[in-house]
Amino acid sequence: MVTIGEQPGVELSARGVELVLPGGGVALSGIDVPTVAPGRVLGIAGGSGAGKTLLLEVLAGLRAPRHGQVSVRAATGDAGHVPRYGFVPQDDIVHRALPLRVALEYAARLRGTDPGDVPRVLDELGLGDVAGQPVRTLSGGQRKRASIAIELLSRPRLLFLDEPTSGLDPPAGARLTRYLVRLAASGVTVVFTTHTPADLHHCDQVMFIAPNGRPGPSGTPAELLDLSPDGTFEALYSMEVPQGGEQSRGRAPRASTEPPLPSTPARFSPATGRLRQWAVLTGRDLRLLRHDRLTAAITVGSPLIIITMFALLFRPGVFDPARPSPAASAMVLFWIAFGAFFFGLAYGLPQICGELAVVRRERRTVLRLWPYLLAKLTVLGPVLLLADALLLVVLRALDRLPAAAMSVHASLFATTALASFAALALGLCCSALVSEPSQAALVLPLLCFPQVLFSGAFVPVPGMAAGGRWISVAMTNRWAFEALGSGAGLETLWRGGGAAGRTLLDSYGNSFGHPAWVGWLILAGCAVALLTAAWLVLRRRCPTSAHRLSTSDAGPVRP
Ligand SMILES: Nc1ncnc2c1ncn2[C@@H]1O[C@H](COP(=O)(O)OP(=O)(O)OP(=O)(O)O)[C@@H](O)[C@H]1O
């Protein structure tokens with residue numbers, strides 16, 4: 001039994017891994033991973049596209065192999081024990097707008113670890129001097145170390161790193177590899193992929209993946225160099241060994257020239273429950289807005305610009321019961337409905353796609369999706385409510401809305417608020433579906449057009465073709481427009497509006513005949529359904545790991 005501090009070490013091995021890609025191609029076949037003892041380093045090498053990342057993901061439990069078995073065993077003899085593990089992806093994925101220390105503090109809180117540990121981890125990785133800098137201003141090598149720092153916060157016992165030295169100059173790469181060796185000497189089992197043969201000299205064990213995911217040679221660096229026809233690692237890249245070939249016998253513990261890192265046990269909060277995650281994520285979203293000034297300015301500024309445009313566009317007095325202007329009153333209400341929809345959609349669309357990689361990474365360890373989505377609503381909801389309220393107050397103050405009882409204005413506000421929330425949920429759902437903010441920008445007009453065309457404002461629902469009527473049922477803007485019309489008493493106004501009013505009453509039929517709360521129920525239902533859809537999309541796109549991090553380090557093994 002091997003125990004590090006209060007934590008047991010972790011042993012990793014795999015046999016006969018075969019992985020099939022979604023398209024049906026076999027990416028890995030017959031791959032054996034030699035047993036990596038606690039506190040040892042395994043380097044995975046191979047040509048570009050050989051399957052190193054895929055194998056790392058299989059070992060980390062992020063992909064299920066078609067055949068074969070991965071064994072991750074805490075060296076306690078307790079089969080139900082789940083070791084803490086970390087996965088550092090190839091890209092340096094950290095919120096770039098945040099100062100490094102702040103980004104790490106939020107990562108620590110999310111994982112239920114002590115944010116007070118952040119300075120120690122930063123110092124260990126030589127990042128203390130740049131702790132206050134926004135992540136986007138760090139060099140490539142510093143960002144790589146920042147990415148590793150995030151995983152170290154939860155003191156993993158098993159650490160996977162995908163090409164940690166890529167993009168670094170040779171001395172920086174060597175420093176990072178030596179750091180990993182020291183980390184291993186403190187009891188962490190380290191597995192990393194690399195394109196740099198020099199990295200392999202630092203490993204306890206090395207395995208090659210031959211082209212097309214076939215098994216390559218494996219063993220200690222010395223054994224492999226003996227095997228190599230020219231005594232270099234480079235000659236082993238294309239070498240294939242028969243399936244089930246001899247595995248590494250391992251080697252005696254390495255005598256490190258540098259002292260191992262301290263292995264003090266981490267201080268964990270009892271759990272990162274949903275409520276705590278929601279609070280941390282809400283704080284982080286607020287902080288992101290604060291540090292990303294341009295986004296904050298657009299968030300606050302765009303409703304102000306739209307409200308100003310509405311104020312300039314509409315004439316005053318169209319709701320005057322003595323001299324109503326029926327067609328103009330319908331247009332005012334439609335554009336209010338569309339404004340509320342647009343605020344919500346424009347806020348929601350950029351939210352997830354810009355940080356999908358971060359979500360994916362956090363999801364592998366601790367992130368729960370409902371707290372994540374609810375944090376977005378918590379931060380953006382009040383801004384939306386404020387924008388909707390301001391829209392109505394300004395238009396009423398300028399006599400673009402009826403001089404009616406408070407209850408009428410409350411009804412209009414409830415409609416715009418629900419329309420905005422439904423659109424926000426639509427925006428979040430589409431944001432989860434696309435991969436890039438640029439794609440989200442392309443989706444914006446595609447989502448807006450049908451909401452204008454099929455809202456029933458320009459072509460009243462009774463006048464639409466059958467297909468259009470069906471589509472209009474799915475348009476939140478239709479229900480918002482009708483609820484606004486009902487709440488503002490559009491039918492009563494039009495009855496007193498002479499021939500023009502009567503014509504409109506005929507063409508709009510029963511559009512405003514139902515009470516506003518019917519529209520509210522539909523809008524609320526749409527918001528819940530779209531938010532659930534966003535959750536489902538995220539669940540599919542951001543899988544959890546089979547050995548997902550348990551911050552209490554005592555949960556059961558997941559199947
Ligand atoms: N999601 C996917 N769908 C289809 N093919 C994929 C997917 N992920 C990886 N592949 C393919 O599987 C093969 C192995 O990919 P992998 O990323 O593991 O290679 P790698 O050895 O890490 O390469 P590199 O060193 O260039 O990063 C590649 O041919 C890649 O195109």
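Which strands does helix α5 (residues 170–185) lie across, and at about what angle does α5 run to β9? Here are my notes.

1. First, the ground rules. This is a predicted model, where local features need pLDDT of at least 70 and side-chain atom pairs count only at pLDDT 80 or more, while totals for chains, interfaces and linings use all residues. Residues are numbered from 1 along each chain as its sequence is written.

2. To the opening question: α5 lies across β5 (41–46) and β9 (189–193), and its direction is at about 155 degrees to β9. Axes here are lines fitted to C-alpha atoms, for helices over the stretch in contact, with angles running from 0 to 180 degrees between N-to-C directions. Contact means that the C-beta atoms of two residues, placed from the backbone, lie within 7 Å.

3. Overall, you get 19 helices and eleven strands in the chain. Those are DSSP runs numbered from the N terminus (helices H or I, at least four residues; strands E, at least two). Take the contacts between residues at least 6 apart in sequence: 79% of them join residues at least 24 apart.

4. On burial, 48% of the 559 residues count as buried. The cut-offs are 20 or more other C-beta atoms within 10 Å of a residue's own for buried, 12 or fewer for exposed, and partly exposed in between, with C-beta atoms placed from the backbone.

5. Now the sheet that β5 and β9 belong to: six strands, open, mixed pairing, in the order β7-β8-β9-β5-β10-β11. β7 (85–88) and β11 (214–219) are the edge strands with a single partner each, so one side of each has no neighbour in the sheet. From one strand to the next, the twist averages 15 degrees. Pairing requires at least two DSSP bridges between two strands.

6. One of the details to check by eye: Tyr 85 has Leu 158 in β8 as its bridge partner.

7. Arg 155, in the loop between α4 (140–152) and β8, has a positive phi near 45 degrees without being a glycine. Arg 155 is also buried, with 26 other C-beta atoms within 10 Å. Glu 163 sits in the loop between β8 and α5, and its phi is positive too, about 45 degrees, again in a non-glycine. Glu 163 counts as buried, with 22 C-beta neighbours inside 10 Å.

8. Finally, domains. The assignment, automatic or from a database, gives domain 1 (10–84 + 155–237) and domain 2 (274–541). Their centres, taken over C-alpha atoms, are 50 Å apart.
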